[in-house]
Amino acid sequence: MKSDLSHFVTVRGLKKTFGSNTVLNSISLSVEEGHTLALLGPSGCGKTTMLRCLAGLETADEGYIEIAGKVVFDSAKKINLMPEARQLGIVFQSYAVWPHMTVAENVGFPLKVRRMSRADQEKRVRVMLDVVGLGAWYDRPATQLSGGQQQRVALARALVHEPRLVLFDEALSNLDAQLREQMRMELSMLQDRLGFTAIYVTHDQSEAFGLADRIIILNKGHIDTEGAPREVFDRPQTPFVAQFLGLNVQEGEVLETAQAAPHGAPQDAAGWARVALPGGTAIWGKLGHDRPLKAGGKALICIRKEHVKVSAREAMAGRQAFPAVVRAASFQGLSEEYIIDLAGIELRAIQPSAGVRSGDAVAVDLAPEQCIVLARDA
Amino acid sequence: MSTGSDTLAKAGAQGSQSQAAPGAPPSHSRFWEKGLPVLGVAAGILLVLGPFLATLIRSLLYWQPDGSVVVTLQNFTALLGDARFLDAARNTLLCGAGATIVSCVLGVTLAWIVSRTDVPGRSWFEVGNLIPFFLSPYVGAEAWRYLAAPGSGIIHKMAQDYLGLKLPFLNIYGLAGVIWVLAIFYTPYVYLFVISPLRRMDSALEDAARVHGASFGYTVRHITLPLLMPALLSAAMIVFVTSAGLFDVPFALAATHGIRTIPTEIYSSLQYPADFGRAAAFGMLVLCLTVTLTLWQRHYLASRRFETVSGKGYRPRVMKLSLGGRIVALTVEVLYIGLGVVLPIIALLMVSLQSIWTGKFRSGYATIENFTYVLLNYDLTRTAIVNSLFLAVVGASIGVGLSVLQSYYLNRSTSKARGFMEAVLSLPIGIPGIILGLGFLILSVRTPLYSTIWVILIAYVAHFFPLAIRTVTAMFVAINPELEQSARASGASWWQTMRHVLLPLLKPALIAAWLMLFVIFVRELGSTILLYAQGTETISVALVALGDRNFGFVAALAVIQLVLLLSAFALFRLTRASLVQD
C-alpha cells in the first residue's frame, strides 16, 4: 500500500514552464479529504497555474496529479484527463456567470451536461439556490445580479453536482471588503455543512488564514512555507514569508546566541539570538527556525507592525526598549500607523493611538519573543 | 438650405438666452459650440431625408397617357403584379441569404483561427483576412470571370492543359457565382465584428463550462457561440442588407445572363425608355425593408448587450492545435486568402499584361501597352482616374468633417433628441447605393447639379457618412469628457479645446474613417452608375463602360484601381488605424 492512498489530492513533482520562465518548479503537495488548502503568494508565484493544472485547463510539463484515487495527470504514463473528466467544481475571480442564461440555467449546467433528468435538475438547483440564499432568483437573467449574488451563483454552480474537489481562483477578490468578510464566513459554514474538499488560490492573507486548514506559500514556483495557518502566521520561517506577511524585516549581524530566554521572555523557543542592526541597536529575538545560528553570521530580524510598541519616552520601562523618533503618523480610525526612526533604522508600527506626533521623541518597546530571528540565507 | 439656417438661428438664440441679458450679442463661443454640431446633424438629416422623400413622392406620381399627373399607387400595383419583380426579389433574397450564411461561417471560422489558436503565421493571416475588405467587388467579379467563365476561364484552361480535366460544373455566371464573390467580400465584415468579442471574452466563461463537465464541442455550442450571437447577428444583418443591395456583382455575373435581381432591375428600369415611377416604387419597397431591418437590429442589440469582459488578467486562452488541426486551419486560411485575394490579382495582372487575351498567358503577347494607353492616351480612363481621385479625397474629407460634428453632437450634447438622431443618421448604411443614386437623380433632375460631379460627391457622402460616424463615435466613447472640461477650465475656448485636445485624441479614428471612405469612394459603382454623365465617369464606371470591348484595358484599369485600394490598405497598416467594429 502506498502512503499516497491516504491523501485525497496528491501532486508530485509538478513542473511547468512558459518559454524560459519556470512557473512551477517541481511542486509536491497533498490535501486530506474534507480539508481546505490555501495556495498563497504574490502575483506571478505560480499559484493560478497550479490551480489550472489541477483543473486540466493547463497541461504541466512533468509530474503527477491524483484526485480522489484517480490519476488525472501523469507525464510518465502520458495520462492527461480533459477538464470535464476530472469531476471538479470551480469558482473564478470574475465569477464567469454566463450572461446569456438565467440563474437556474447557470447553476443547472453541470447537471445538464451530466444528462440528469429535468425534474431532478430542478430539484437540485432549487436546493442549491436556497443554500446560497438565492432561492427567489431562480428564473432571473444572470445579468441582473449584483457582484455578490453572481459570486453565489458561481458557488452554487460549483457545488451542485457534488464534485470531489472544489477549486477557488481568487474567488473573493472582486468583492468589496465587507461582502468579502461575509462570504468568507458563509463559505466556512457551507463547507462544514457539505464537507467538500477545497483548494483556494489567493494573494489575500486574511482570506487564506480565514478559510484554510493548511496553507502553502508559493514563491517563484517553489513552495516556500507550508503549515497550519497559526503556525505560519505566528512563526514565519523564511524572510520571504515575513516580508509577504508585511512584517518589518531588518538585516543585521548575530552578536551572541543563548538557550535561556532574555529579559524574562517565555521559554518556548529553540533558541535566542542578539542581532546588531546597522545603526548600532542590538535586539534580542527568538529563532524562527530550528537550525542554530552562529555568532558573527548575517541574520534577519522580523517584527510584526502590531508588535512594535510606541510610547512616550518617560514611560520607557519595558524589558527591551530603545529611544526612537516618530517620522510620520497616519490616523486610521481605530488604530494609528507610525513610521519610527530607530537609530537610522526605519520601523513601522500599528497600534491604538499613542498620542504622539511626527518629530516626537518616543520609546520603542520590542518584546524578544515577538522579534523573530532568521538566518540570512534561509 | 432654409432648415439649416433656421437651426443655426435657434442654436444661436439658445446660446444667448443661457448666458446674458436679452439684447446682448450672442456669445461667439457658445454659438459655435452648440451651432456647429447641430449644423452637422441637420446636414446629415437632409442627406438622408432628401433622396428618401424624392423617391417616395416620385413613386406615387403617375404620368397618364394624356400627359396629366396623378397621385396613385399604380406604380406599386404594377410592380407587385409583375412576375419579373417577384423573380428579381426571389433571386436577391437568395443572393443575400447565401452570401450572409457563407460569410458568417467563414468569418467566424477565420476570426476563431486567428484569435484562439496557435496556427503558424497568425499575425500574417490576421492582416491577410482583411484585404478583401479593401478590394472592389466589381473588379473581383471581373477577375472571377477571367478565372472561371465557362470554357474560357483560366482555371478551366489550366485544368485542361495540365491535368487533362474538364470542369463543366465550374461556372461563375449565375446565382452561385454571385454568392461566391459576395461572400469573399463580406467575410471580413463578419470577421471584424466577431474578432473583438472573441479576443476579449473572459476565458473563465469557457473554462467554467469545461471544468463543470462540458466537452469542447458542447462548450463551443452552448457558451462561445451564444456569447458571440449579438455581434454575429448584427454582422449578419449588415451583410444581408448590403450584399442583397449591391449592384456590382449581380450586374457583372447575373444580369448579363438573364438572371434578374432587384439592383439590376432598378438599373434597367432607368435605361431608355426610362420608367422612373417603376424604379422609384422598386426603391421604396427596398427602402422600407432595409429601414425596418436596420431599426430592428438596433432594437435587438440594445436589449442584448452581454458583458463578456470581466476581471483583470483574464484573456482568452490560445488553443494548442494538433498537427491535423494545424493543417486544417492553415488550409482554410490559405484557401480564403488564395481565392479571395491572390488568384483574382494574378488573373487581373495576367490579362492586363497581354495584348490579346486568349484565356492563358502567352509570352508572345506580353505587353505594357494597356497600362500606357489607359494612363496616358485614353481620354475616358484618364478622366475617370482623375474624377475618382477627386471624389475619394474630397468626399472622404467632407465625410470625416461632417462625422466629427455629428459624433460630437451624439456624444456630448444633452439633447433629448439624441437617440432619435442617432437612429436616423445610421440609416443610409443599409440603403443600397443604386437606390440612393436614384433618389439623388430624381432630386437633381432640372437643377444645375444634374450630371455634374458634385451630385455624385453629395451622393457618396450621403451614403457613407454613417460609417465614419461609427468609427469616430467608437473613439469618442473612450474619451473622458473631463479631458475637455479641464481644457475649458484652464481657460481654453471651445475652438482651442477642439484643436488641442479633442481632435488630437480622435486622430486615429479620423485617419481610419478617412481611409475607409477613400477606399469605398474609389470603388463605388451602385450610385455612380445612375448619376454619371459624359466627363464625370469614375474608374468603376469606365470599367463598366469598356465592358467586354477590350479585356486588356479593363484589366489594366482594374489593376490601377487595385493599386489605389491597396495603398490605402498599406496606409491603414502603417498608421495602425483600427477597423474593429462594435
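Hi everyone, let's start with chain A: of its 378 residues, 44% count as buried, meaning that 20 or more other C-beta atoms, placed from the backbone, lie within 10 Å of the residue's own. Before I go on, this is a predicted model, where local features need pLDDT of at least 70, side-chain atom pairs count only at pLDDT 80 or more, and totals for chains, interfaces and linings use all residues. Residues are numbered from 1 along each chain as its sequence is written, while chains are lettered from A and ligands numbered from 1 in the order in which they are written.

Staying with chain A, its C-alpha atoms fill a box of roughly 75 × 50 × 40 Å along the principal axes. Its secondary structure comes to eight helices and 21 strands; these are DSSP runs numbered from the N terminus, H or I with at least four residues for helices and E with at least two for strands. Of the contacts in chain A with a separation of 6 or more, 67% are between residues 24 or more positions apart. Two residues are in contact here if their C-beta atoms, placed from the backbone, lie within 7 Å.

Now, the barrel. In chain A, five strands close up in the order β12-β13-β14-β21-β15, with mixed pairing; strands pair if DSSP finds at least two bridges between them. Neighbouring strands of this sheet are turned by 50° against each other on average, direction ignored. Have a look at β15 (residues 298-303) and β21 (residues 371-375) of chain A: they run antiparallel and are joined by five bridges. There, A:Ala299 stands opposite A:Ala375.

What does each chain give to the contact? Chain A brings 21 residues and chain B brings 22. On the side of chain A that touches chain B, the elements giving two or more residues are β7 (88-91) and α2 (103-113).

Last stop, chain B. Helices α24 (residues 539-546) and α25 (residues 551-574) of chain B pack at about 165°, their axes 9 Å apart. The axes are lines fitted to C-alpha atoms over the stretch in contact, and angles run from 0 to 180 degrees between N-to-C directions. α24(B) and α25(B) are therefore roughly antiparallel, the word for angles over 145 degrees. From α24(B), the contact uses B:Ile539, B:Ala542, B:Leu543 and B:Leu546, and from α25(B), it uses B:Phe553, B:Val554, B:Leu557, B:Ala558 and B:Gln561. Thanks, everyone!

Technical notes
A residue is buried if 20 or more other C-beta atoms lie within 10 Å of its own, exposed if 12 or fewer, and partly exposed in between; C-beta atoms are placed from the backbone. Angles under 35 degrees count as roughly parallel, over 145 as roughly antiparallel, 65 to 115 as roughly perpendicular and the rest as oblique.
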